[in-house]
Amino acid sequence: MIAAAIWKDMQLLLRDRGTLISLFALPIVFIVAFGAMFSGGGTSPDVPRPIAIWHPTPSPAGEVVERALAATPGFTPQPLASADAVRAAVAAGTVDAGLVIAADVDPAHGHPVELAIDLAAPIQVRAPLTGALTAVVTRALGAPVGAELVYLEARQPPGIRKPLPDISGFQITVPGNAVLFGFYIALTVAMSFAGERRTGTWRRLLAAPVPRWKVMLATLVPYYVIGLIQLTFLFGLGASLFGMRVAGSIPALVVLSMCVVLCAVCLGLLFASLGGTEKQLGSVGSVCLLVMGLLGGCMVPRLLMPDTMRSIGHIVPHSWALDGYYDLLVREGTGFSDIAPSLGALAGFAALFALIGLRRFRFET
Amino acid sequence: MSPPALQLRALAKTYGERTAVAGIDLDVAPGEILGLLGPNGAGKTTTISMACGVVTPTRGEVMIGGLSLARDPYGAKRRLGLVPQELALYEELSARANLAYFGALYGMSAAAIATRGDWVLGVVGLADRDREPVKRYSGGMKRRLNLACGLLHEPALLVLDEPTVGVDPQSRNHIFETVRALRTAGMTIVYTTHYMEEVEALCDRVAIMDAGRLIALGTVRELIAQHAGRGLAIEITGDVAAAEVAAAAHADVRREGATLHATPHAGLGALVSAIEATGATITRIESRQATLEAAFLALTGHALRDDDAPAPPTSKAATP
């Protein structure tokens, strides 16, 4: 009897794609994704991280530091034409940090080397880089034993907004989870369509004297409103209970959230257009959303990921949403112009999902 | 003279190579109850779905109360109420909340929904349970609420798709009484069912569909007289296949094992002689009861509730 039950359940399992994906494919995806995130995946030790550098010529101190940087495993100096070029490269994100060794550099007399770095980047990103570069510069300039001199001074380059003082972890975890779970409204939307079809209410809706586009809107719009309520609740909770602060514009935060929910609801329409039962949508859709959240940096901030994984993250809307939230929550004075790329990308994703969803969606079954 | 409550003209639906409905013409008169019968896969639900605007026809036209569903879909749909075969309800909501939503789809005001809701819940006997979540209802109560949702906006034409599937006898009787009362009030009803006795009890006329075609239309009495009155079951020993071929010259014949189900074209004598001439022996002749079920069987070759079973071999197709 037990054997028969095992055989029966094996047959059922083999016919249940959603469960198969959850049990076998999802762990592989997570193993690969997390492995790539934490083992280098694209920025292996063989590919040293470029550090922008400028010093006047000739400059004995600058040349010593540049040679020391070149000799340090994991770094490669990227000489630029001017101090401003170094700062601009950091501001543009083409390099993670830059060293400006002025003609009058002299740590012993209060003229340290300038470290151009985004001070709003997570401490997990900034601290190791700052520490390593401090060691390189300190050794290169021959720090005297027992001296407590400042050899390297980190400065925010122009073009990058300053961070809030005392950034808490909730500035990152609240938006990360809000985006991850905010996108789950897509699953609810898709399952709602499937449920309407299963119960027959869909037939009743189609028989009613309303245009089909209104039937569709009547299904989507409530979830848009629910999605907004969900994000408002999560950010409100983050602010009231966990001390999360908004460094930038609150209207921009509201518009960004509206774009996030729009994108999630359109993704739900796309899921719904693929058809399937509620159970199939539930299992396959949740796997998709988890993977999207993972790639988009909801669980591990993308700034901690290697370059390749950071780039891959841009294929999902989650990453753009989080970039926008990060700017608005962490960098002082940020507004619409700072998050325009995020708003544009989210609107683009929403349009793409809606277009594919509408083309594939079948009112009649 | 008022137009037919429902007119179908050359109505057809194909899905790729498969023809679900192959061109149907049908008029349903105002105040009439028309029963729509057919075996599974006959095209009943597709026909109803096209008539209600749920499925777009491949060709043909639907007119509801003289309004074209294609040209004036919203005007036509306002005259129509659909009670789907499924329990098309939001089970987490109360009966009132369901009615409020479905009423809003028809542009009804809150006051009209409340007033009309009182009436319709009274009609289906759910007035005292109207605030409870539907999921707490019995199957029969849900069926009755399903009917109420289709009635709320006072349609002139009500389409009931298998309205009594899975209900207890008490709820079935309640639905019967409601349907009769609605007809008395002047409503036109199209009623599909698998239950022959429901058609016999309720319907003024019956339309029988098979393989996407309308193969018979008339009152129950007419259909029985035309298609079930002269049916015989003839038990044979010997070469049954040869006997079937011989019998086919004198009757519509269908073979089932060693029995020939025959509807003679003329007298019984010629049929018996033809069978015996093949050397086969007739061991028993039984006159079939003249019922709608027998008419249905003669017309379609299917038992009505013989779900998905292939039709037995027929030597000659029945015609309406």
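1. Let's start with a helix on a sheet. Helix α1 (residues 44-51) of chain B lies across β1, β2 and β4 (59-64) of chain B, and it runs at about 120° to β1(B). Please keep in mind as you read on that this is a predicted model.

2. Now for the sheet itself. In chain B, 4 strands make up an open sheet with the order β2-β1-β4-β5, and the pairing is antiparallel. Its edge strands are β2 (18-28) and β5 (67-68) of chain B, each of which pairs on one side only.

3. Strand β1 (residues 6-15) of chain B is joined to β2(B) by 8 bridges, and the two run antiparallel. Within that pairing, B:Thr14 has B:Thr19 in β2(B) as its bridge partner, while B:Lys13 stands opposite B:Val21. The hairpin of β1(B) and β2(B) has 2 residues between the strands, and B:Gly16 takes a positive phi near 60° there. With β4(B), strand β1(B) pairs in the antiparallel sense over 5 bridges; here B:Leu6 stands opposite B:Ile64.

4. Is B:Val21 buried or exposed? B:Val21 is buried, since its relative accessible area is 0%. Setting aside residues up to four places away in sequence, B:Val21 touches B:Leu11, B:Ala12, B:Lys13, B:Gly43, B:Thr46, B:Thr47, B:Met50 and B:Gly212.

5. Next comes strand β3 (residues 33-37) of chain B. Because 5 of its 5 residues are buried, β3(B) is largely enclosed by the rest of the structure. In a regular strand, side chains alternate between the two faces of the sheet. In β3(B), B:Ile33, B:Gly35 and B:Leu37 point one way and B:Leu34 and B:Leu36 the other way, and all are buried.

6. Which strands pair with β3(B) in the parallel sense? One is strand β8 (residues 188-192) of chain B, over 4 bridges, and in that pairing B:Leu36 stands opposite B:Thr192. Another is strand β9 (residues 205-210) of chain B, which runs parallel to β3(B) and is joined to it by 4 bridges. There, the bridge partner of B:Leu34 is B:Arg205.

7. Helix α3 (residues 95-105) of chain B brings chain A into the story. Its buried residues are B:Ala95, B:Arg96, B:Asn98, B:Leu99, B:Phe102, B:Gly103 and B:Leu105. The buried residues of α3(B) pack against α4 (110-123) and α5 (139-151) of chain B, together with α8 (201-207) of chain A. Just after α3(B), B:Gly107 takes a positive phi of about 75°.

8. B:Arg172 sits in helix α6 (residues 169-184) of chain B. With a relative accessibility of 17%, B:Arg172 counts as buried, because the cut-off is under 20%. Beyond its neighbours within four places in sequence, B:Arg172 is in contact with B:Thr164, B:Val167, B:Tyr195, B:Glu197 and B:Glu198.

9. Over in chain A, look at a helix pair. The axes of helix α10 (residues 250-273) and helix α13 (residues 317-330) of chain A come within 10 Å and cross at roughly 170°. The two helices are therefore roughly antiparallel to each other, and the crossing is left-handed. From α10(A), the residues A:Ala252, A:Leu253, A:Leu256, A:Ser257, A:Val260 and A:Cys263 meet A:Pro317, A:Ala321, A:Gly324, A:Tyr325, A:Leu328 and A:Leu329 of α13(A). By class, this contact has 10 nonpolar residues, 2 polar ones and no charged ones.

10. Finally, the overall picture of chain B. It has 11 helices and 14 strands, and its C-alpha trace spans about 80 × 40 × 40 Å along the principal axes. Of its 320 residues, 52% count as buried. Among contacts in chain B with a separation of 6 or more, 67% are between residues 24 or more positions apart.

Technical notes. Residues are numbered from 1 along each chain as its sequence is written. Chains are lettered from A and ligands numbered from 1 in the order in which they are written. This is a predicted model: local features need pLDDT of at least 70, side-chain atom pairs count only at pLDDT 80 or more; totals for chains, interfaces and linings use all residues. Side-chain values use heavy atoms; hydrogens and water are left out. Two strands pair if DSSP finds at least two bridges between them. Contact means heavy atoms within 4.5 Å. Axes are lines fitted to C-alpha atoms, for helices over the stretch in contact, and angles run from 0 to 180 degrees between N-to-C directions. Angles under 35 degrees count as roughly parallel, over 145 as roughly antiparallel, 65 to 115 as roughly perpendicular and the rest as oblique. A crossing is left-handed if the near helix is turned anticlockwise from the far one by less than a right angle, and right-handed if clockwise. Ala, Val, Leu, Ile, Met, Phe, Trp, Tyr, Cys and Pro count as nonpolar, Asp, Glu, Lys and Arg as charged, and the others, Gly among them, as polar. Buried means under 20% relative accessible area, exposed over 50%, partly exposed in between (1.4 Å probe, protein chains only).
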